[in-house]
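Hi,

Here is the structure I promised to pass on. My notes follow below it.

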Amino acid sequence: MNLKDVAIVGVGATEQAKRIQGETLFGLVVSAMDSALDDAGLTRDDVDGVALEWPRPGRPELGRTGDAASWGRVLGHDLSWISDSFTDVAGIRGVLKAASGIAAGLCEVAVVGGAQTGMFSSGPVNVPDPLEFSDIWDAYVVPFFALVAQRHMYEFGTTPEQLATVAATIRNYGYTNPEAVMYGKPQITIADVLASRMVASPFHLLDLCVSAEGGGAVVLTSVERARDLKQPAVAVLGGGMQFHEAPYKNPPIYRTVGRVGAAAASRMFAQSGLSIEDIDVMALYDPNSFEIIRTLECLGVCKEGEGGPYVESVGIGLESPLPVNVDGGLLSYAWNGMQHQTLRIIEVVRQLRGTAVHQVPNARAGVAANAGSGASHQEVILLGKV
């Protein structure tokens, strides 16, 4: 068995909101897991692989995702495979590692996901630990990406209007998505984005994502077993990762991080046997408007430096050749700690099933992407109909 023999068979997203009243972190994780299992037509008894956030009790020095083996007791049986690193229980990294576990015969049914409550519900998102660059300058995720964006604008002439085009397009889809945190907000224009207050140049407030509470989970198993399950299988056709360094260790410099993700994309397409021309929809990491431009370039949608003109002239909405984040993305659907990465995969799965809120017609192959603060790393995955 190889990676292409593994499929996503269930997805589940909890409510996403600035504050979810009366919920605990553990309750949200369980809700996301059970929702994904129900979607697949499976039960807790079927699960033998877990990459789920564990909200304690356990060993706090490992962080809140430590001791994932504790899920064995919650599920009521021993497990064959676990992953409990903070970044390995969400999104692309978690799904690729779980898929590799299934392909290697280490487990048969794996659940990846988790949730976030409390920590990021208000205020700026800062770094969790004392680090050199952050301690001295009080830097956090927004100025880290701003440094990369500013250099791109200097090198290639990318404009604030092009960034605002990304922000307005994606945000407006979230404003009409009933599942999104920002659902019901009035539609905005490029001028509205540019008129919002400056946070870290070149980013205005509306160039930036919304922090929220909520969770999500996905269930994976073999394509063979998937044929007998409730939902159409969505195969893992390829994936890739690229790491420059750990986030927040040093100020990001465009000449070293600007193309982080391009090698991962090449690996992903080589594994899948597909090219960028075969992709129908994308769900990309958009903590800010610029990261969409950078990622489009790394994925080969356009050449380096041409991302700004591309989003301005070709577009990324439903009417464009390659729609991006038409669920509202992180900009207006949800950024919820780590599980926004899982929500990117859930959106692609829904698009390929034909059940998305803003459906791309006849979608057969889709890409999801995630990146670290200041483009320090990137993970990509290509999913397709079986």
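Strands β10 (residues 365-371) and β11 (residues 377-385) run antiparallel to each other and pair over 7 bridges; strands here are DSSP E runs of at least two residues, helices are H or I runs of at least four, both numbered from the N terminus, and two strands pair if DSSP finds at least two bridges between them. Within this pair, A365 sits opposite G384 in β11.

This is a predicted model, where local features need pLDDT of at least 70 and side-chain atom pairs pLDDT 80 or more, while totals for chains, interfaces and linings use all residues. Residues are numbered from 1 along each chain as its sequence is written, and side-chain values use heavy atoms, without hydrogens and water.

The open sheet has 9 strands with mixed pairing, in the order β3-β2-β4-β7-β1-β8-β11-β10-β9. Its edge strands, β3 (81-82) and β9 (281-283), each pair on one side only. Helix α1 (residues 25-40) packs on the sheet, touching β1, β2, β4 and β7, and its direction makes about 130 degrees with that of β1. (Angles run from 0 to 180 degrees between N-to-C directions of lines fitted to C-alpha atoms, for helices over the stretch in contact.)

N177 is buried, with a relative accessible area of 2% (buried means under 20%, with a 1.4 Å probe and protein chains only). Beyond neighbours within four places in sequence, N177 contacts Y183, D327, Y333, V357 and H358, contact meaning heavy atoms within 4.5 Å. A polar atom of the N177 side chain lies 2.9 Å from the backbone oxygen of D327.

Best wishes

Notes
Buried < 20%, exposed > 50% of the residue type's maximum accessible area, 1.4 Å probe, protein only. Polar contact = N/O pair within 3.5 Å; in protein donor to acceptor, adjacent residues only side chain to side chain.
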